[in-house]
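Subject: Structure handover and pocket results

Hello,

Here is the structure for your pocket work.

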Amino acid sequence: MVDHFRYSIDLTMAQARAEKIVECVKRLREQHDVRRFEYTDHLRVAPTEIPHSHPVLTLNTALCDPEAILCEYLHEQMHWYLVGLDCAGETAPVITQLKQRYPDTPVGFPEGANNEYSTYLHLLVNWLEIEATSRFIDRERVIKIVSQKHYYRWIYRTVLRDWHELEEIFRTHAIVPIAPAEPRSRSETE
């Protein structure tokens, strides 16, 4: 028996959507001085992956709104910022203080992050995301964007509710004000 089964894989739509994300980030970089919050200069677009910061800042193609893309991009940059400060490891004083303040954090989708440490870390990252993005678009718009996210719900609610108290904690640990990214020479980025 002859098997006439044929198949093809067409990735043109995924490629086009990924290219739109890259073009959107390029436009945002032209419109706003986001370079001061770019702690890594390598952007990867992977259409079906969950956005993440390491080892390479990765966005997916789920978002279409440029302002929401800016929030996501700066969120992942804030992870790089914290790594550069070396201040937010699992046993870091700021994480310990957040554990004391919020002893019963949710873990898991949709309220918390993947584990307890990540939930505490995202109290910091999400605060920084809102702060950084608010430098470029209206703060009320940023709040609307993060309030509509289907993940980290408890984290975003808590950050918005306890904004000033968290700011004081982060200031005590020299995390804010957000330090500008160091300019990188061309040889460092190649």
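How do the residues of the lining of the second largest pocket divide into nonpolar, polar and charged? There are five nonpolar, three polar and four charged. Keep in mind that this is a predicted model.

Second largest pocket

The space in the second largest pocket is about 180 Å³. Its lining consists of V22, V25, K26, R29, E38, T40, D41, H42, L43, L57, Y73 and Q77. Two elements, α1 (12–31) and α2, each give two or more residues to this lining. Of the elements, α1 gives the most, with four residues.

Largest pocket

The largest pocket holds about 900 Å³ of space. Its lining has 36 residues. Nearest the centre of the largest pocket lie I50, P51, E72, Y151 and Y152. By class, the lining of the largest pocket splits into 16 nonpolar, 15 polar and five charged residues.

Three helices each supply at least two residues of that lining: α2 (66–85), α4 (116–133) and α5 (139–147). The top contributor to the largest pocket is α2, with seven residues.

Where to look

For the second largest pocket, begin with α1, which gives the most to its lining. For the largest pocket, begin with α2, which gives the most there. Then go to the residues nearest the centre of the largest pocket, E72 and Y151 among them.

Best regards

How values were computed: Residues are numbered from 1 along each chain as its sequence is written. This is a predicted model: local features need pLDDT of at least 70, side-chain atom pairs count only at pLDDT 80 or more; totals for chains, interfaces and linings use all residues. Side-chain values use heavy atoms; hydrogens and water are left out. On a 1 Å grid over the protein atoms alone, a cavity is a set of points where a 1.4 Å probe fits but cannot get out, and a pocket is an open set with protein on both sides within 12 Å along at least five of seven lines; lining residues have an atom within 4 Å of a point. Grid points are joined across faces, edges and corners, and a volume is the space filled by probe spheres set on the points. Ala, Val, Leu, Ile, Met, Phe, Trp, Tyr, Cys and Pro count as nonpolar, Asp, Glu, Lys and Arg as charged, and the others, Gly among them, as polar.
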